[in-house]
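The structure comes first, then the points by topic.

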Amino acid sequence: MQTELAPAYKGTRDGEEAEAILRKCVHCGFCTATCPTYQLLGDELDGPRGRIYLIKQVLEGRAATAKTQLHLDRCLTCRNCETTCPSGVQYGRLVDIGRKIVDAQVERPLAGRLTRMALAKGLNSPLFAPAMALGQALRWAVPASLQAKVPQKQEVGVRPTARHARKMLLLEGCVQNAMMPNINSAAARVLDKLGVSLVPAPKAGCCGALNYHLDFQEAGLDNMRRNIDAWWPMIEAGEVEAIAMTASGCGVMVKEYGHLLAYDPAYAVKAQRVSEMTKDLSELALAEEALPELLAAANDRKVASTKSFGDGAAKEAVRIAYHPPCTLQHGQQLRGKAEQILQDAGFVLTAVADSHLCCGSAGAYSVLNPEIAGQLKERKLASLEAGKPDVICSANIGCLTHLQSGTGTPVKHWVEVIDELLSEAA
Amino acid sequence: MNQPIASKFLRRQFPAALQDELQALLGVGRVSTAHAVREHHGHDESHFPDALPDVVVFPETTEEVVGVVKACAKHKFPVIPYGTGTSLEGHILAIHGGVSLDLSRMNHVLDVHAEDLDAVVQAGVTRKALNAHIKDTGLFFPIDPGADASIGGMSATRASGTAAVRYGTMKENVLALTVVLADGRIVKTGRRTKKSSAGYDLTRLFVGSEGTLGVITEVTVKLYPQPEAMSAAVCCFPNMVAAANTVIQSIQMGVPVARCDFVDPLCIKAINHHSKTTFQEKPTVFFEFHGSESSVKEQAETVQAIAADQGAEEFQWATKPEERSKLWQARHDAYLACLQLQPGSRIISTDVCVPISRLAECLEETEKDITASGRLVPVLGHIGDGNFHLCIIIDPNNPDDILVGEQMNHRLVERAIAMEGTCTGEHGIGCGKMEFMDVEHGDGVDVMRMIKRSMDPDNIMNPGKIFAM
Ligand SMILES: Cc1cc2nc3c(=O)[nH]c(=O)nc-3n(C[C@H](O)[C@H](O)[C@H](O)COP(=O)(O)OP(=O)(O)OC[C@H]3O[C@@H](n4cnc5c(N)ncnc54)[C@H](O)[C@@H]3O)c2cc1C
Ligand code: SF4
Ligand code: SF4
């Protein structure tokens, strides 16, 4: 659609980028039908096409209002619409730009500002881990509403030493190591068996997504620069092949570093390189030739796949319902990889309806829009549990904790399940 | 010239009291003045500039529609029925200002009479929603314009689709209507019977009336049994005329082809890019055959023999349901695909229809015209009906470009009318084709004006469309 940029945005990077994206949209509305918030709320302005019109109108110089902001806030940024759109409209980029411009015009009420700040800073802070530990220790004393967000303490197991010549960097992430520390160590153990050592970069931290998506875009860019600085020596020295992501929410962000820092002369080239080297764990594992054999061998010892979930008696294969995170299937356009690994390992994947829909976690969304997030969670769990799975698997920390808070069925990262299988079989 | 200029001088003043009355009627939530909502309702698929309604309302029942129309009648303020806004000739533009009456919340299938092969739906039900609803009855509704349009909107534009060659257009498939007139009266036209000789055929008067005579709130449509066997095929031809000749001869021989759509190489290129398909970039016809196993085979063999005679390549078959639906979805999205040939462009979509015997001739002359113009003009169409479209891609900011495009459309319409054809086979007049009404109908347009005046004396129903008063 045609957009007449207002003078304030003409010639600006954001304005021109948004205009180029809007130009591709033919307002066919295919995206609207698949948007989870449109499905729940039924208002054109709570669907992608409506939001696109809202952003267009602000770019054309109409003042944004609290209502404009509300409709943009309600968007999950799940980017389901982007997958649906046949015209290649990059909605995710557009809504980032739209939010930045709208937030500059419309000040949020104090309470909202504080929550956002607390989320961005709190989850990012080195104090988050100790706070989480406290929450876990005092789980019984925490009110139910918050309890849901504090997962049970996990057995972590040992991380292998970096014994292999082949090395990859691992983004430890900010919340994941505090909430479900076993994911990263499980990933390290699985890759270790495939002949690759995962090495951390102690100075790296949050990928920047929290800040970037909570209106602190500059602080987000600083997080990105810090990570690049932390990784660069090893990248430059050619010591690492890739940067592994165990949370798809972080993965999608790091894959965008190149785009987001393209105009920072000091970082543009490095950021591009970092994005190119960034891979989701499922991509990395599936690319390893040794994987099928390893899985097949483990699977042969059927006992292994039953013992850790059931009552110990050898029985049928474990049933898994897999939820592909939006940041993986829509954000990174990676589909079917974790599923294939699980299937190759002999697990039975149950049929899950509407697997393209968001679970409602969406980063900090579930805290900011608990009602919509809760409804989406209920729907998602209903379709996940329809096939009576023993375990629910996913690939992103946000989805895992969000889903677990609504069900008694164990919710795990797929690599934890693979790790258990391989460890049992060893 | 009959065509109005969408000018701000045409706009009627929005009566402040009307806004309050509408809110009292529907509540604040179903009356919107949000700019983004008005813009969405003041923008269609034509190349005309946007013309925003003053307010958009979302009624849910026929009675609420009556309330809205009566309120507007009291203030003599325009009402513009709005289905899904996919029409191509500026139909829904609020060139006089007005209340956009969005029927999307009237989306219930009211009754399915499987034994009588019909269904009664609210006007906002879309063609895909209806088919999803009746999926398990073994019946289907065959009319499929490329967009997922509303049944009310399709009735109002007398739409057709890829299967009209076999199943007809909305004209043949609407049995009865519930309509709210400009004065707020409700009339039910027609019965659920296959036929009726009782007086004037009011159903046919409202079908194709483009919202200028009343608001359609319920539609009774015909349904058809799913055929026992279906198969679709793609066939490439050495040129457009060979493709047309194949289709003409097949129709003349009485082969009951279910669908046959032509797509030219440029359009195929756009489709491949848009729908990630891998069709050959050649003049192509998409065929579909319905019937019993043996009759499908027989039909296909006959058409294949005719095609071979015209120098066509072998048929590429799509027999699995998912392959077939992918093929037709790609065809349905062709218009959107063409828009992406030049992002930011708009399309002047021509829509002439000629008697089938003149089709090849009309296509051939048109092809010469396109070549001489040196422009990007994909050609596609339901050629089994003698109907085809040029997608004249234009830059909406360049008046010269628009003019050249419109001149090409003019030449095409003159050509078609000289061949006893019509300026529009299925898209309708809107404000885009008003100028052709006199040549096509002569004094007939006056008769239409008399009807309009007597039914809508204050000209509040979608004013400025079809013909100037
Ligand atoms: C990609 C694409 C492909 C298309 N392919 C075809 C095709 O193959 N064949 C074809 O025939 N058309 C086609 N069209 C055009 C369009 O889809 C049809 O004209 C369709 O019938 C419009 O329906 P709608 O619900 O969108 O109506 P709208 O665009 O909302 O309205 C169209 C007109 O009908 C009036 N109207 C709508 N609802 C009512 C009602 N309930 N009561 C009274 N008046 C009403 C409106 O006032 C307006 O004048 C295509 C369009 C697109 C974008
Ligand atoms: S599907 Fe794409 S082109 Fe269509 S309205 Fe949505 S964003 Fe625009
Ligand atoms: S990102 Fe998700 S929630 Fe937001 S508009 Fe797109 S589909 Fe809807």
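How much area is buried between domain 1 of chain A and domain 2 of chain A, and what percentage of that area do carbon and sulfur atoms give? In this predicted model, the buried area between the two domains is about 1300 Å², and carbon and sulfur atoms give 64% of that area.

**Domain layout**
- Chain A is split into domain 1, covering 13-105, and domain 2, covering 291-425.
- A distance of 30 Å separates the C-alpha centres of domain 1 of chain A and domain 2 of chain A.
- Domain 1 of chain A brings 14 residues to the contact, and domain 2 of chain A brings 17 residues.

**Polar and charged pairs across the interface**
- Four residue pairs are in polar contact between domain 1 of chain A and domain 2 of chain A, counting pairs with both residues at pLDDT 80 or more.

**The domain 1 side**
- Helix 3 (36-41) and helix 6 (80-84) of chain A each supply at least two residues of the side of domain 1 that touches domain 2.
- Helix 3 of chain A gives the largest share of that side, with five residues.
- By residue class, the side of domain 1 of chain A that touches domain 2 holds six nonpolar, five polar and three charged residues.

**Area lost by residue**
- In domain 1 of chain A, the residues that lose the most area to domain 2 of chain A are A:Leu40, A:Leu76 and A:Thr83.
- Together, A:Leu40, A:Leu76 and A:Thr83 account for 42% of what the domain 1 side buries.

Conventions: Residues are numbered from 1 along each chain as its sequence is written. Chains are lettered from A and ligands numbered from 1 in the order in which they are written. This is a predicted model: local features need pLDDT of at least 70, side-chain atom pairs count only at pLDDT 80 or more; totals for chains, interfaces and linings use all residues. Side-chain values use heavy atoms; hydrogens and water are left out. Domain bounds come from an automatic or database domain assignment. Contact means heavy atoms within 4.5 Å. Buried area is the accessible area (1.4 Å probe) that two parts lose on being put together, summed over both. A polar contact is a pair of N or O atoms within 3.5 Å; within protein, one must be able to donate a hydrogen and the other to accept it, and residues adjacent in sequence count only if both atoms are side-chain atoms. Helices (H or I, at least four residues) and strands (E, at least two) are DSSP runs, numbered from the N terminus. Ala, Val, Leu, Ile, Met, Phe, Trp, Tyr, Cys and Pro count as nonpolar, Asp, Glu, Lys and Arg as charged, and the others, Gly among them, as polar.
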